[in-house]
Amino acid sequence: MMKVLCGALFPIVFWAAAVCADTTLVDQQLAFKMYLPNNWVCFAESDSQRFFEDTSYTFPGLLSLTRHVIDSTLYSTPDQWTQAHFLGYKLSVEYSVDPAGVVLYSNADTSVKQGSLQAAEAYSVFFSSDTGVGSWSEYVRYTACGRYGYELYAISDTADMTSHIGYYAALLQGVVIDPADRVVSPIAFRRNAFRAQRILSSAMYDPLGRETRGRSLSRSRAAGVYLRRSGAVGLLVR
């Protein structure tokens with residue numbers, strides 16, 4: 001059911017997102033470009049990770065892209081990296097305890113593409129033992145090109161993800177990865193800096209322990225999404 005729903009909605013919503021986009025973000029350091037609709041901005045979290053958010057909070061979810069260097073001693077092809085990390089993600093969700101996770105939809109067949117690249121995707125929901133936090137959901141995609149593997153995800157509370165999964169997924173599916181294995185110097189990267197950056201005073205983590213340090217939180221941000229290393233207690237609960 002979820003697979004059919006996702007397949008039906010994503011192409012339609014992507015067209016709408018692309019048409020109303022007012023910015024084409026070109027990131028030379030991580031070798032990708034992406035449409036950003038009106039009010040959406042990108043934040044440089046680190047030399048290997050970017051965050052994307054809607055500053056109007058009409059869409060309160062958080063999107064991310066992270067680039068990893070592929071260990072050629074473990075993976076002989078980029079597609080092997082994609083499949084291994086996709087399977088690792090599914091196992092980490094299914095065996096998580098607190099928060100407990102469930103994979104509602106996953107697809108890694110040859111029909112899943114990131115442009116011309118082979119990709120794999122999954123949609124999961126997480127439940128915390130803290131009833132005040134509630135549940136939240138995550139849509140994730142893996143793909144690889146040349147020397148690099150890419151992890152893209154959208155995360156928000158379950159109600160928001162249920163309403164806007166097509167929109168978030170379409171933005172991530174529209175990311176175009178440059179096949180060139182080029183390296184851009186820090187000076188060149190600074191010349192192409194993003195429109196805005198914000199700094200957090202303390203580290204935050206998503207449900208699978210990925211650090212989300214380096215961005216601000218808003219009262220409008222979806223509840224139950226960000227976790228401190230010690231757990232999910234009392235953060236962004238309304």
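Colleague: Before we discuss partners, when do two strands pair here?
Modeller: Two strands pair if DSSP finds at least two bridges between them. Note that this is a predicted model.

Colleague: Which residue in strand 9 is the bridge partner of Ala120?
Modeller: The bridge partner of Ala120 in strand 9 is Tyr142. Strand 8 and strand 9 (residues 135-145) are joined by 9 bridges and run antiparallel.

Colleague: And how many bridges join strand 6 to strand 8?
Modeller: There are 7 bridges, and strand 6 (residues 100-107) runs antiparallel to strand 8. Within this pairing, Phe127 of strand 8 has Ala100 opposite.

Colleague: What about strand 7, how many residues lie between it and strand 8?
Modeller: The two strands form a hairpin with 2 residues between them. In its turn, Gly115 has a positive phi of about 70 degrees. Strand 7 (residues 113-114) is antiparallel to strand 8, with 2 bridges, and Lys113 has Gln118 as its bridge partner in strand 8.

Colleague: Changing topic: is strand 8 mostly covered or uncovered?
Modeller: Strand 8 is mostly covered, with 10 of its 11 residues buried.

Colleague: Where is Phe127, then? And why does it count as partly exposed?
Modeller: Phe127 belongs to strand 8 (residues 117-127). Its relative accessibility is 39%, so Phe127 counts as partly exposed, since that class lies between the limits of 20% for buried and 50% for exposed.

Colleague: Which residues form a nonpolar patch with Phe127?
Modeller: Val102 and Leu104 form the surface patch with Phe127, and together the three have about 250 Å² of accessible area.

Conventions. Residues are numbered from 1 along each chain as its sequence is written. This is a predicted model: local features need pLDDT of at least 70, side-chain atom pairs count only at pLDDT 80 or more; totals for chains, interfaces and linings use all residues. Side-chain values use heavy atoms; hydrogens and water are left out. Patches are made of residues with over 30% relative accessible area and no salt bridge: like charges are joined within 9 Å, nonpolar side chains (Val, Leu, Ile, Met, Phe, Trp, Tyr) within 5 Å. Accessible areas come from the Shrake-Rupley method with a 1.4 Å probe; for residues, only the protein chains shown count as cover. A salt bridge is a side-chain nitrogen of Lys or Arg within 4 Å of a carboxyl oxygen of Asp or Glu. Helices (H or I, at least four residues) and strands (E, at least two) are DSSP runs, numbered from the N terminus. Buried means under 20% relative accessible area, exposed over 50%, partly exposed in between (1.4 Å probe, protein chains only).
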